[in-house]
Amino acid sequence: MVVQVEAAEVVEAARRVPYGFFTTLGTTRPSVRMVGCLGIDEDLRVTFATGRHTRKAAELRANATAIYAAADLTTGAAVCLYGTATLDEDLSRRRSAWVPGLARFVPGGPEDPEFVLVSIDPDRIEVWSEQDRVAPDPFGMASAVVLRSADGWAGPTTTHPGW
């Protein structure tokens, strides 16, 4: 059974999977770590915190290509956001993004110079969401893919096994 979905439906399904794994390109292989999402904006830009001197910050300075991947097994949804990541040291944005749970990682609070934000600006989204009926044929073997252009999100197309 082929399920027809619109790009907007794929984008909305992607927005509902907020915690996941961040991948950067290390010096010899991809580097993956779990991150807690601090926000997802209307363009699906994902923001989370890190330290100025962490491995992920150093890797982003060398190559801004990044992936954010997340799954919510309770709703049957998974998302991969591919794009460019930036480090943000702006104090007002750090204060706005601050949540009390970050204090265990950054005891100095949002003013701590070690505290920086990372934002991934996606240009490609892959989503599989049972709850949203975004599960192209063959069921469970492909994801809906939307690509961002100057006109917004377009698609979806689908991935296929082996891509």
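Is arginine 45 buried or partly exposed? At 27% relative accessibility, arginine 45 counts as partly exposed, because the partly exposed class lies between under 20% for buried and over 50% for exposed. The model discussed here is predicted.

**Overall make-up**

The protein chain contains three helices and nine strands, and from the N terminus on the elements follow the order α-β-β-β-β-α-β-β-α-β-β-β. Of its 163 residues, 40% are buried. The accessible surface is about 8,900 Å², and carbon and sulfur atoms account for 57% of that surface. Among contacts between residues at least 6 apart in sequence, 58% join residues at least 24 apart.

**Strand β7 and its partners**

Strand β7 covers residues 115–129, and twelve of its 15 residues are buried. Strand β6 (residues 77–88) runs antiparallel to β7 and is joined to it by twelve bridges; in this pairing aspartate 88 stands opposite leucine 117. Strand β4 (residues 46–51) also pairs with β7 in the antiparallel sense, over six bridges. The antiparallel pairing of β7 with strand β8 (residues 144–149) has four bridges, and here glutamate 126 stands opposite valine 145.

Phenylalanine 48 belongs to strand β4 and stands opposite valine 118 in β7. Phenylalanine 48 counts as buried because its relative accessibility is 0%. Leaving aside residues up to four places away in sequence, its contacts include Phe22, Val35, Leu38, Lys56, Val116 and Ile120. Tryptophan 98 is 50 residues from phenylalanine 48 in sequence, with 9.8 Å between their C-alpha atoms.

**Helix α2**

Helix α2 spans residues 55–62, and Lys56, Ala57, Glu59 and Leu60 are buried in it. These buried residues fall within an arc of 165 degrees when seen down the axis of α2, so they line one face of the helix. An α-helix has 3.6 residues a turn, so residues three or four places apart point the same way. On the other side of α2, Arg55 and Ala62 are exposed. The buried residues of α2 pack against β1, β2 (30–36), β4, β5 (65–72), β6 and β7.

**Salt bridges**

The structure holds nine salt bridges, including those in the table.

| Salt bridge | N to O distance |
|---|---|
| Aspartate 121 and arginine 45 | 3.3 Å |
| Glutamate 111 and arginine 95 | 2.9 Å |
| Arginine 148 and aspartate 121 | 2.6 Å |

The side chains of aspartate 121 and arginine 45 meet in a salt bridge. Aspartate 121 lies in strand β7 and arginine 45 in the loop between β3 (39–40) and β4, so this pair ties together parts 76 residues apart in sequence. Aspartate 121 is partly exposed, at 28% relative accessibility.

Arginine 148 also meets aspartate 121 in a salt bridge. That pair links strand β8, which holds arginine 148, to strand β7, which holds aspartate 121, across 27 residues. Arginine 148 is partly exposed, with a relative accessible area of 26%. Asp41, Arg45, Asp121 and Arg148 are linked in a network of salt bridges.

Glutamate 111 forms a salt bridge with arginine 95. Glutamate 111 is in the loop between α3 (91–97) and β7, and arginine 95 is in helix α3, 16 residues apart. Glutamate 111 has a relative accessible area of 41% and is partly exposed; arginine 95, at 46%, is partly exposed.

**Nonpolar surface**

Phe21, Val32 and Met34 make a nonpolar surface patch of about 310 Å². Phenylalanine 21 is found in strand β1 (residues 19–25) and is partly exposed, with a relative accessible area of 40%.

Definitions and conventions. Residues are numbered from 1 along each chain as its sequence is written. This is a predicted model: local features need pLDDT of at least 70, side-chain atom pairs count only at pLDDT 80 or more; totals for chains, interfaces and linings use all residues. Side-chain values use heavy atoms; hydrogens and water are left out. Buried means under 20% relative accessible area, exposed over 50%, partly exposed in between (1.4 Å probe, protein chains only). Helices (H or I, at least four residues) and strands (E, at least two) are DSSP runs, numbered from the N terminus. Two strands pair if DSSP finds at least two bridges between them. Contact means heavy atoms within 4.5 Å. Accessible areas come from the Shrake-Rupley method with a 1.4 Å probe; for residues, only the protein chains shown count as cover. Patches are made of residues with over 30% relative accessible area and no salt bridge: like charges are joined within 9 Å, nonpolar side chains (Val, Leu, Ile, Met, Phe, Trp, Tyr) within 5 Å. A salt bridge is a side-chain nitrogen of Lys or Arg within 4 Å of a carboxyl oxygen of Asp or Glu. The arc is that of the directions from the helix axis to the C-beta atoms.
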